[in-house]
Amino acid sequence: MTLAIVLAADPAAGHLTEPGRPAGEPLTERLAAQWRGAGADDVRIAADLTELADLVAAATGPVLVSGADLVAHTAVLKHLATSPVGPTVALVLTDPPAPGQATVREERGQVVEVDAVDATGVFGGALRVGAADLPALADAARRAAGAAPDAPDARLTDPASAPEVGAADGGPRNAVDRLVADLAARGTLIFAQRVRLLVAHRVGDEAQRDAAEAAVAAVDEDRAELKLSVKERDDFFTTFFVSTWSPYVTKAAARIGIGPTGVTMVSVAFAVAAAVLFGVGGRPALVAGAVLLYLGFVLDCVDGQLARYTRHFSAWGGWLDTMADRFKEYVVYAGLGFGATHAGFRYGWALALAAMTLQTVRHMTDTWYGALHDEAARRPKVVTADAGGIGGKLNAASTRVQADTGSVSYWLKRTVVFPIGERWALIAIAAALFGPLVALVAVLVWGALAFAYTGGLRTLRARWMRVPVMATVDAGLHRDDGVLARTLPTARRPLLLAVLGALGSAGTLVWALLAVHGGGDLPVFVPVLALVLLLGAAQGSRAPHEGSLDWLVPAALRAAEYLFAIAVGVAGRAPAWLIFGYVLVLTLHHYDLTARLEKRQSAPPLHAATLGWPGRSLLLAIGLIAGYASIALATLGAYLLVVFVASVVLAWVVLPARARGGVRSPG
């Protein structure tokens with residue numbers, strides 16, 4: 001249940017809540033009604049911070065808090081209440097700060113500092129606090145009200161690190177501003193909710209209230225929300241060839257009652273149909289496949305736009321969107337690989353495998369670099385050190401380019417990294433004009449160049465940031481080590497070990513390709529040596545991941561496992577489609593982990609049953625040495641697929657149903 005609290009304790013409240021004013025009802029009552037319209041299950045008006053603390057202490061779900069001086073569209077409050085970016089979110093405005101109002105500094109959508117010298121906005125007087133942060137909110141309210149002693153955290157009592165109750169300009173700090181300042185000083189992770197196209201202002205007198213209400217009335221709320229459903233910053237192809245007309249599809253889908261999940265499923269169907277047509281070959285089929293692929297990508301954008309427009313967000317929807325995107329792309333690779341092979345090119349499936357492996361490893365680096373950057377944003381003092389180094393200069397240059405939206409350099413930077421819109425556009429155009437083989441080669445070439453470009457720059461910037469992001473998460477889970485890795489001796493330098501494992505797998509694959517091409521067999525010692533290197537990489541499982549480049553470990557381990565599996569398949573002369581299918585199942589498992597990392601979710605229910613990458617690699621090596629590589633790939637692949645499906649059903653159907661029914665979920 002979501003509780004909304006309007007705090008009628010700010011200095012401005014007395015000027016804005018006088019009954020009988022000609023302009024309308026008291027602002028506290030209006031805000032209470034707006035919170036109900038925004039979806040709050042229970043709405044209370046708290047006279048002071050002590051009453052607010054008592055209400056928060058009794059709450060069991062998210063709590064929405066606003067002061068008595070906010071005039072805004074109801075949609076602004078609804079966006080805050082339903083924001084998917086994090087459990088605790090604060091409204092941030094671009095208005096000049098008034099006395100008593102807190103300024104904030106944001107980085108990567110996070111409020112990293114309150115009352116900063118280099119502030120990027122002003123606190124909007126409203127925030128949503130997740131259930132896990134409610135004790136901190138209640139304690140902050142009691143402390144601000146003077147009903148509890150100072151918290152032991154030095155950041156709350158040291159004037160150099162956290163603001164006191166008085167505002168920086170000497171005026172009294174508004175009550176709700178005291179709360180957000182205290183939460184930030186405690187280290188609470190607070191995300192920023194910016195207001196765009198809609199209107200929200202904090203007002204201090206009747207004249208300001210009248211002006212704000214006039215500004216609210218001047219905006220078509222529904223039209224603004226439809227525009228807001230489109231991402232503010234997207235890639236070149238998506239911006240100019242999709243988002244120019246996809247909102248019309250979004251509006252139509254909302255009118256006929258199709259939800260985001262339904263749109264996602266239609267998008268998957270379009271991508272599968274495109275893959276089939278690419279496999280069939282022939283100019284009409286290739287052109288039709290290209291058109292379906294484009295329309296599938298449009299729908300891929302529409303499902304997110306529809307979720308934002310209707311505010312229908314869910315953990316399931318976010319997970320499904322991530323998994324569907326990758327499945328669609330890799331099914332298209334399969335269709336291209338089959339089509340190239342069917343057209344007479346011997347290594348069509350090999351190119352498809354290479355494209356899938358490259359893209360997955362790229363995505364792993366993207367995910368962990370994003371996590372690294374988010375962690376760095378929460379450590380501003382670390383990030384600003386050594387600003388004169390090459391990493392600092394690259395960071396400053398990137399910031400300047402990103403700020404110059406619409407410039408040639410801005411669009412070049414967003415395009416050269418080969419995002420999904422550009423990938424799908426390239427596949428569609430190349431397949432329609434030149435065929436599946438050219439499409440796969442184009443994807444591989446551009447993808448490899450983009451990987452080299454982003455990898456090099458990110459490595460330099462990461463060395464400058466010096467943030468050990470993997471030390472902040474369950475490294476064993478996201479390494480996907482399994483039981484076997486935990487039984488091995490611990491060795492330090494996990495990144496070096498992971499890279500050596502990947503190089504060993506790559507060397508084994510090259511040797512296997514040369515041996516099979518020459519009509520011979522792969523010597524037994526080669527996969528054994530590669531397996532030794534892999535098990536050496538597994539020894540880094542329990543080592544501290546505190547290096548500035550250890551965020552690359554998951555990607556290196558993915559590369560090591562995929563390349564070793566492909567080498568086993570090649571050496572064992574397994575069908576190419578079987579090798580592709582096995583690696584595809586592995587990618588689904590690993591994307592499940594990254595999706596959970598991005599959504600801050602726990603491990604999948606059956607994660608232990610996936611055996612870990614060392615265990616899976618050991619079983620494949622045994623199968624190859626015994627002469628049953630194809631059987632090992634098919635059996636282990638089928639097993640992993642069953643475990644994956646069962647885990648999905650447990651995570652998203654069975655366990656939530658038990659929780660709703662009051663049955664305790666297994667721990």
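Modeller: Happy to! Let's begin with the pairing: S5 and strand S8 (residues 121-129) run antiparallel and share four bridges. Strands here are DSSP runs of E with at least two residues, while helices are runs of H or I with at least four residues, both numbered from the N terminus. Two strands count as paired if DSSP finds at least two bridges between them. This is a predicted model, where local features need pLDDT of at least 70, side-chain atom pairs count only at pLDDT 80 or more, and totals for chains, interfaces and linings use all residues. Residues are numbered from 1 along each chain as its sequence is written, and side-chain values use heavy atoms, with hydrogens and water left out.

Within the pairing with S8, Leu93 has Val122 as its bridge partner. S5 is also joined to strand S9 (residues 191-194), in the parallel sense, by four bridges.

Now for the surroundings of the strand. Five of the five residues of S5 (residues 89-93) are buried, so the strand is largely enclosed by the rest of the structure. Buried means under 20% relative accessible area, exposed means over 50%, and partly exposed lies in between, using a 1.4 Å probe and protein chains only. Both faces of S5 are covered: one side carries the buried residues Val89, Leu91 and Leu93, and the other carries Ala90 and Val92, which are buried too.
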